[in-house]
Amino acid sequence: MAEGLLGGILGEDEKPEVEATETLASADAFAAAVAAKLAGNDPEVARRTADFLIDQSQLLKVQKKHLEDEHEARLHYLRGQAREVDIRRFGLRLRVGFQLFLILLATAIGLGVAIMVRDAVTSRRVVIEPFHTPPGLAARGVDGAVVADGLLDELSRLQDATRSSSAARGLSGAWTGNIKLEVPETGVSIGEISRLLTERFGHDVHIDGDLIEAPTGSLALTVRGNGVPPKTFSGSATELEKLTVEAAEYVYSKSQPARWATYLANVQRYAEAIAFCRTTVASADPADRPMLLNSWALAIQASGGATRESLALLRAAVKLKPDYWVAHFNIQNDFMILGDEEGAWRAGENMRVASGGRPGRAPETYYGNWDYLTWNLRTWLEAVVADADATAGVGTSSTAAGPAIADIQARLHDPDAADLALKTTKEDSHDPTIAAMAHFVPGRLAAEAGDAASAALEMEAFGNAYADPAVSSNIPGYHCWIPPAEEAAGHRDKADALLKAAGTFVDCSRFRADILDGRSDWAGAQKAYAEAIALAPDLPAAYYSWGVALARHGDFTGAAAKLKDANQRGPHWADPLKAWGDVLVKQGHTKEALATYEEALKYAPNWKELKEARETLVKVTR
C-alpha cells in the first residue's frame, strides 16, 4: 500500500537514481530528495511536501525520544520488579524457613515429651527420700539427709558388688546407675514435668523412713516404701552404720529380689540365697522368676549340693524364658560337673539352635563352655575380654574374668599374656577361684616349660583349692591336669590316686592314657584313648592326644588320621594342627606341613615353638 502511494506522487515511470536504502538513510535526506524531485513540476507542492516531511521527521524524533524515555522507564520498572521478586523470594524463603523451624521445634518438643513419657513408663528406679530424724540427732549432724545419704551409699555398694549379666541384658536395669537421692523441686519446669510423669506412669520404688533415739540412747531405724513393707532395725547409739547396712539389704531384697539372690551367691552366702529363692520365687514378678531359679541353682552348685537338683531348676528357668541364655550356659556347666561333657556339648548345640545360629540372639559370652570343650580358644578369649571391658575388668560371670583370661592365654601358649592377666586381676575375697587359678595357670606354664617340680607344687596347691565346691563347680574338670604333673615329677602313687577318683572327664581319661603310654603300657594306653573318645565323641581333645601318641610310636598314617579327626571337631585349635604339621614333615610332605603350620598360627599367633617350627621348615624348603 505504501509503495503505490509513493508511486502516484513520484510518478510511476520515474526511477530513483540511487538505491532506496542509501537515499532514505534518514527522514531529512528523504524529505530533501522528494522536495527536489517535485520542484521541477510544482514548487508549491515541493514546499508543502518538504514541510510535511519535516514535520514527520520532527514527529519521528519526538517518538524516538519518547521511546528512549519509555525504554529507560521500562528498564527501571523491570529492575524494580526484579528487586521485588528477589525480596518476595527472600520473604518466601524466610517464611518457609520459619515454618520449618516451627516444625522442627514442634518435633523436638514432641520427641522430648515422648522420651519423657517413655522414660516415665519404663522407670524402675529406687528413689531415696530424706528421712525424719528428731531435733536432738539433727543437732548432732545426723539429720534426714545424712541418713538418706548413708542408705544410698550402701545400696550403691550392694549394686557394685553384684556380678550379674541381668543388668547388661536389660532384665533389671533399674539398678544400673538409677539409684538417686531426690529433693523436691519448686515451680513448673521440665524436671518437674518429668517427675510428675514418672510418679503417674513409672514403677519407681520410693523409700523413706525415720530414725528415732530412745531415752536409753539406742537407735531405731525404720524404712518403708511402695512394695517395701515397713521394718525397724535397732541397735546402740554407735551402731548407725550397722543399722544402715541391714536396712539397705532389706530394701535391696524387697525392691529387686533377683539381684539380691545373685548378690547372696556372689558373696558366698549360699544358704541364705537358697532359702531366699525358695520362699520368694512363687510370689515374685514373672520376669524375676527365671533369675531366681538360676541363682538358686548356682547356690546349690557352689555349696556342694545335688547337681541334678540344680539342673532341674535351670531347666525350669529355660522353660519360663527360652531365651534366658545364662541358664543355657549353666545347664552346660551342670553337665560338665556331672562328668557328661558330651551332654554339655549337646546343650551348647541346643542353645545355638535356639538362638538362631551363631552369631545369633545369644551373646558370645554364653558360648564359653562350648568354646572350652571344643578348644575354640580365640573366640572364647575375645568374648571374655569384651565382657570384662564392659564391666571395669570384672565380668558378669559368677567368677572373675582375669583368671579365665590367664587360663585361655596359657592354652594358647602365650605365657607372658597369661602372667599379665593374673597380675592384673582385681582382688575379691568372695571369689575363691582367683586364688585357685593363681596356682593352676603357673602350674600349666611350668609343665609346658619342662619344670616338672614347680608344676607339681603349683598343681598340688591348686588341688587343695579345688576341693572347695565353689571352685570345682565353676571350673569342672580342671583337676584332671594334676595327675600328669605328679607323674612328670615322679609321684606315681599320687597320680594313680588322683586318676582313680577323677571321674568321667575326657581330660582325665586321655591323661591316664598318656601316663600308661609313658609307663610302656601301649595296649592299656590305646584302650584308655578309646575310652576317652567314647566319653565325648564330638570333642577333639581325646583324638588329639591319641594322634600325638601314635606319632611317638612311628605310626604317622594313624596319627594323621586322628589329628584330622581332632581338627574336624576343633577346627580353631592350634595344637592338633601343629602336631599334624610335625607328622607331615616326618612323612616328607613339606609343602602341606608349611600350610598346616600357617593355619595353626591363625589360632595361636604367639606360640613360640609353632613359629620356630614354621621358620625352620621355611629355611629347609628354600
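Tutor: Let's start with a term: a charge counts as sitting over a ring when NZ of Lys or CZ of Arg is within 6 Å of the ring centre and within 35 degrees of the ring normal. Keep in mind that what you're looking at is a predicted model. With that rule in hand, look up Lys578, which lies over the face of Trp607, 5.9 Å from the ring centre. Because the cut-off is 6 Å, that distance of 5.9 Å passes. Another case is Arg358, found over the face of Tyr367 at 4.2 Å from the ring centre.

Now for rings that meet other rings. A pair of aromatic rings is described by how far apart the centres are and by the angle of the planes. There are 13 aromatic pairs here. One of them joins Tyr372 and Trp380, with 5.9 Å from centre to centre and 75° between the planes. Planes over 60 degrees apart count as edge-to-face, and this pair is edge-to-face. Tyr372 and Trp380 are both buried, too.

Rolling a probe the size of a water molecule over the atoms shows where space is left empty. The structure has two cavities of 30 Å³ or more. The second largest cavity holds about 80 Å³ of space, and Tyr372 is part of its lining, along with Glu341, Leu373, Trp375, Arg411, Val506, Asp507, Leu539 and Ala541. Helix 15 (368–374) and helix 24 each give two or more residues to that lining. Sort the lining by class and you get six nonpolar residues, three charged and no polar ones.

Helix 24 (506–518) is among the elements that give two or more residues, as are helix 19 (432–448) and helix 28 (574–586). The largest share, five residues, comes from helix 24. By class, the pocket lining has 16 nonpolar, eleven charged and five polar residues.

Technical notes: Residues numbered from 1 in each chain as written. Predicted model: local features only at pLDDT ≥ 70, side-chain atom pairs only at ≥ 80, totals over all residues. Heavy atoms only, no water. Helix = DSSP H or I, 4+ residues; strand = E, 2+ residues; numbered from the N terminus. Nonpolar A, V, L, I, M, F, W, Y, C, P; charged D, E, K, R; others polar. 1 Å grid on protein atoms, 1.4 Å probe; cavity = no way out; pocket = protein on both sides within 12 Å on 5 of 7 lines; lining within 4 Å. Points joined across faces, edges and corners; volume = space filled by probe spheres on them. Phe/Tyr/Trp six-rings, centres within 6.5 Å; stacked < 30°, edge-to-face > 60°. Buried < 20%, exposed > 50% of the residue type's maximum accessible area, 1.4 Å probe, protein only.
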